[in-house]
Amino acid sequence: MGLLAAGIGAGIVAIAAGLGIGMIGKAATESIARQPEASGDIRGAMLLTSVFIEGVALFCAVICALIIFLG
Amino acid sequence: MVQTLRLLFLTLLFLSVSTPNTLAADPSGAEEEPVIDVMGTVLDHDYLKTPFGKIYLPRIFYWEDASGQTHLNAYGSTKKAEQSELFELAESGAIVPSGGGHILIDMSITSHLAFVWFSVIIVMIVTFIVAGKYKRGVGKETEPKGAFQNIFEILFEFIRDHVAKDNIPDHKYKRYVPYLFAVFTSIALMNLFGLLPWAATATADLTVTATLAAISFFVIQFSGTKDHWAHVFWFPGVPGWSRIILTPVEILGLFTKPFALAIRLFANMLSGKMMIIAILGLIFIFADLFGPVGGYGMAGFLAVPLTAAIYFLKAFVALLQAYVFTILTAVFIGMAAEDHEHDEEGYHVEHVAEAE
């Protein structure tokens, strides 16, 4: 059961993180298309926000790993 | 198979957070090398691998014997420590005092620590050489000379202008440029060392990344202004009762930031290594299932090209993660060092009116 829970958990994390990073990418490309001269700033902001999502996703991955090992 | 993998991941995770004492030693009984040394490539060791054999690193123990007296002993290698008959290897491969008692602090130099030192020393030497050049006027009065200095200047200006200046308030950013530059270059070097054969990735060790994050934590907190601490303990402009929730969350937030820094760097570097191990492991699984032909086929058509592709990805991730660590440190410093002028609308309007 622990294995199942960790697997499903990791899957949900992947969906959520993918959605989040995808939305950041969408917004960033749209704004670059509208305002190409601000692409440098936008790229920086995009990277920073996606890094925060990555951090949350990795937290969840660690928790899933803990479920396997401790559960 | 599943059991072994579980055990492997378990030990991997927990050994990476425990002291080097528990994992540095090779069990003396296991002389025969396993087919593929999965643990060996990611774990900390008491030796450095070279093309010509292993170089054993010194072991330093601060330990307590059975009668409760504390001693400080240093040995050239794990074997020397064993020969002294004060220490012996336990079943698990950890080193323990043979007459009872236990090790209080294991200050042994391990391979990961050695690689941290390597990269720090390289960064120091390069920085001193280039700084000497600038002192002589090369680059200041004339153009920078040679590829070496040009690359250094690009890196430094990148950190100064795009990491420090963009994220830290204008009059304060200069103080943090040396720290940010040191963090970026040394983490990038540690990460890139992991791509070399025989070398170890120091940043794929939670102890190393946690230390880096702890340093960043102190830098962030000591750069905090009065406003920063006011926001932590007594959030302005909210109903009084909501501070019961806000204050603990804000205090927790102080610690989650560096914790996330440590976990992010560690997980990214470790996952790169694990991915390569897993893909190369496919060769042996296929050789087991379909005989040597399957093994060779797997190696030639999938595993080796894929590993090569992942190596490029790893080189990119190595630099990206160094950049991410640095820019997040800069952002957090900026958040703490900000004078919250624009936070209270009234003050801001007044301020703007005055300026005009």
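In this predicted model, B:A182 is partly exposed, because 17 other C-beta atoms lie within 10 Å, a count between the 12 or fewer of an exposed residue and the 20 or more of a buried one. B:A182 belongs to helix 6 of chain B, which covers residues 173-193. Between the C-alpha atoms of B:A182 and B:K172 there are 18 Å, and 10 residues separate the two along the chain.

A:G40 is located in helix 2 of chain A. Is A:G40 buried or exposed? A:G40 counts as exposed, because it has 11 C-beta neighbours inside 10 Å and the cut-off for exposure is 12 or fewer. The C-alpha atom of A:G40 is 38 Å from that of A:I8, a residue 32 positions away along the chain.

The discussion now turns to chain A as a whole. Its secondary structure consists of two helices and zero strands. The radius of gyration of chain A is 16 Å, whereas the globule rule gives 11 Å for 71 residues; the value is well over the rule, and chain A is therefore more spread out than a compact globule. Taken along the principal axes, the box filled by the C-alpha atoms of chain A is roughly 50 × 15 × 5 Å. Buried residues account for 6% of the 71 residues of chain A.

Helix 2 of chain A runs over residues 39-70 and contains 32 residues. From its first C-alpha to its last, helix 2 of chain A reaches 46 Å, close to the 46 Å expected at 1.5 Å a residue. Which residues of helix 2 of chain A are buried? They are A:V51, A:G55, A:A57 and A:L58. The cover over these buried residues includes helix 1 (2-34) of chain A, and it also includes helix 9 (243-337) of chain B.

On the side of chain A, 11 residues take part, and they are in contact with 12 residues of chain B. The chain A side of this contact is made up of nine nonpolar residues, one polar residue and one charged residue.

Chain B contains 10 helices and seven strands. Of its 356 residues, 29% are buried. When contacts in chain B between residues at least 6 apart in sequence are considered, 64% of them join residues at least 24 apart.

Three of the strands of chain B form an open sheet, in the order 4-3-7 and with antiparallel pairing. Strand 4 (70-75) and strand 7 (102-106) of chain B are the edge strands, since each pairs on one side only. From one strand to the next, the twist averages 30 degrees.

Strand 3 of chain B, residues 59-64, pairs with strand 4 of chain B in the antiparallel sense, and six bridges join the two. Several residue pairs trace this pairing. B:R59 faces B:Y75 of strand 4 of chain B, B:W63 has B:H71 as its bridge partner, and B:E64 is bridged to B:T70. Strands 3 and 4 of chain B form a hairpin, with five residues between them. In the turn of this hairpin, B:G68 has a positive phi of about 90 degrees.

On the side of strand 7 of chain B, strand 3 of chain B is joined by four bridges, and these two strands also run antiparallel. Within this pairing, B:F61 stands opposite B:D106 of strand 7 of chain B.

The two faces of strand 3 of chain B remain to be described. In a regular strand, side chains alternate between the two faces of the sheet. Which residues of strand 3 of chain B form the covered face, and which form the uncovered one? B:R59, B:F61 and B:W63 make up the covered face, whereas B:I60, B:Y62 and B:E64 make up the uncovered face.

Methods: Residues are numbered from 1 along each chain as its sequence is written. Chains are lettered from A and ligands numbered from 1 in the order in which they are written. This is a predicted model: local features need pLDDT of at least 70, side-chain atom pairs count only at pLDDT 80 or more; totals for chains, interfaces and linings use all residues. Two residues are in contact if their C-beta atoms, placed from the backbone, lie within 7 Å. Ala, Val, Leu, Ile, Met, Phe, Trp, Tyr, Cys and Pro count as nonpolar, Asp, Glu, Lys and Arg as charged, and the others, Gly among them, as polar. The expected span of a helix is 1.5 Å times one less than its number of residues. Two strands pair if DSSP finds at least two bridges between them. Axes are lines fitted to C-alpha atoms, for helices over the stretch in contact, and angles run from 0 to 180 degrees between N-to-C directions. The radius of gyration is taken over C-alpha atoms; the globule rule is 2.2 Å times the number of residues to the power 0.38.
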